[in-house]
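I set down what I looked up, entry by entry.

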Amino acid sequence: MARKSLIQREKKRQKLEQKYHLIRRSSKKEISKVPSLSEKWKIHGKLQSLPRNSAPIRLHRRCFSTGRPRANYRDFGLSGHILREMVQACLLPGATRSSW
């Protein structure tokens, strides 16, 4: 299980990203529309003044049940070993164990 502080930090990043999402998106559209370089630099400076943790690139997917940051399956939101345990326990409908 992941440390609680790391999970809370990730939740804080998600809230910040949602809060500044519209500002960031509108600023990027303005940069593409403005022809002069000096105005682009001003808008870019406004983008840089936003908190770093509000950038969507800083978000990291975590396992829904354990909080594990690696080996996550996007479709299920679970890490690999939890997914395997749930499939073996027949808790995921439609998912089958691999056998060859």
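Entry 1: I began with Arg13, which at 18% relative accessibility counts as buried, where buried means under 20% relative accessible area, exposed over 50%, and partly exposed in between, with a 1.4 Å probe and protein chains only. I note that this is a predicted model, in which local features need pLDDT of at least 70 and side-chain atom pairs count only at pLDDT 80 or more, whereas totals for chains, interfaces and linings use all residues. Residues are numbered from 1 along each chain as its sequence is written, and side-chain values use heavy atoms, with hydrogens and water left out.

I placed Arg13 in helix α1, helices being DSSP runs of H or I with at least four residues and strands being runs of E with at least two, numbered from the N terminus. How many salt bridges does a search of the whole structure find? I found one, taking a salt bridge as a side-chain nitrogen of Lys or Arg within 4 Å of a carboxyl oxygen of Asp or Glu. The side chains of Arg13 and Glu10 meet in a salt bridge at 3.8 Å, N to O. The two residues are separated by about one helical turn, because they stand three residues apart in helix α1, which covers residues 4-33. Glu10 is buried as well, at a relative accessible area of 6%. Not counting residues up to four places away in sequence, I listed Asn53, Arg58 and Leu59 as touching Arg13, contact meaning heavy atoms within 4.5 Å.

**Entry 2: Ser27.** Staying in helix α1, I turned to Ser27, which is buried with a relative accessible area of 1%. A polar atom of the Ser27 side chain lies 2.9 Å from the backbone oxygen of Ile23; a polar contact is a pair of N or O atoms within 3.5 Å, where within protein one must be able to donate a hydrogen and the other to accept it, and residues adjacent in sequence count only if both atoms are side-chain atoms. With neighbours within four places in sequence left aside, Ser27 is in contact with Ile43, Lys46 and Leu47. I also noted that Ser27 and Leu47, 20 residues apart in sequence, are 6.9 Å apart in space from C-alpha to C-alpha.

**Entry 3: Ser54.** I then looked up Ser54, in the loop between α2 (37-48) and β1 (72-73). Is Ser54 buried or exposed? It is buried, with a relative accessible area of 1%. Its side chain makes a polar contact with the side chain of Arg24 at 2.8 Å, and a polar atom of that Ser54 side chain lies 2.6 Å from the backbone oxygen of Pro51. Beyond its neighbours within four places in sequence, Ser54 is in contact with Leu16, Glu17, Tyr20 and Arg24.

**Entry 4: His60.** In the loop between α2 and β1 I also found His60, which is partly exposed at a relative accessible area of 41%. Which residues does His60 contact, leaving aside its neighbours within four places in sequence? I wrote down Glu10 and Pro69, and the His60 side chain reaches the backbone oxygen of Pro69 at 3.5 Å. From His60 to Lys19 I recorded 41 residues in sequence and 17 Å in space, C-alpha to C-alpha.

**Entry 5: two positive phi values.** Most residues other than glycine have a negative phi. Against that background I noted Ala71, whose phi is near 55° and whose place is in the loop between α2 and β1. Cys90 has a positive phi of about 60° although it is not a glycine; Cys90 lies in the segment after α3 (80-88) and is exposed, with a relative accessible area of 69%.

**Entry 6: the two domains.** Last, I looked at how the chain is divided, namely into domain 1 (1-59) and domain 2 (61-99), with bounds that come from an automatic or database domain assignment. The contact takes six residues from domain 1 and five residues from domain 2. The C-alpha centres of the two domains lie 30 Å apart. Between them, domain 1 and domain 2 bury about 380 Å², 56% of it on carbon and sulfur atoms, buried area being the accessible area (1.4 Å probe) that two parts lose on being put together, summed over both. I counted zero salt bridges between domain 1 and domain 2, and zero residue pairs in polar contact with both at pLDDT 80 or more.
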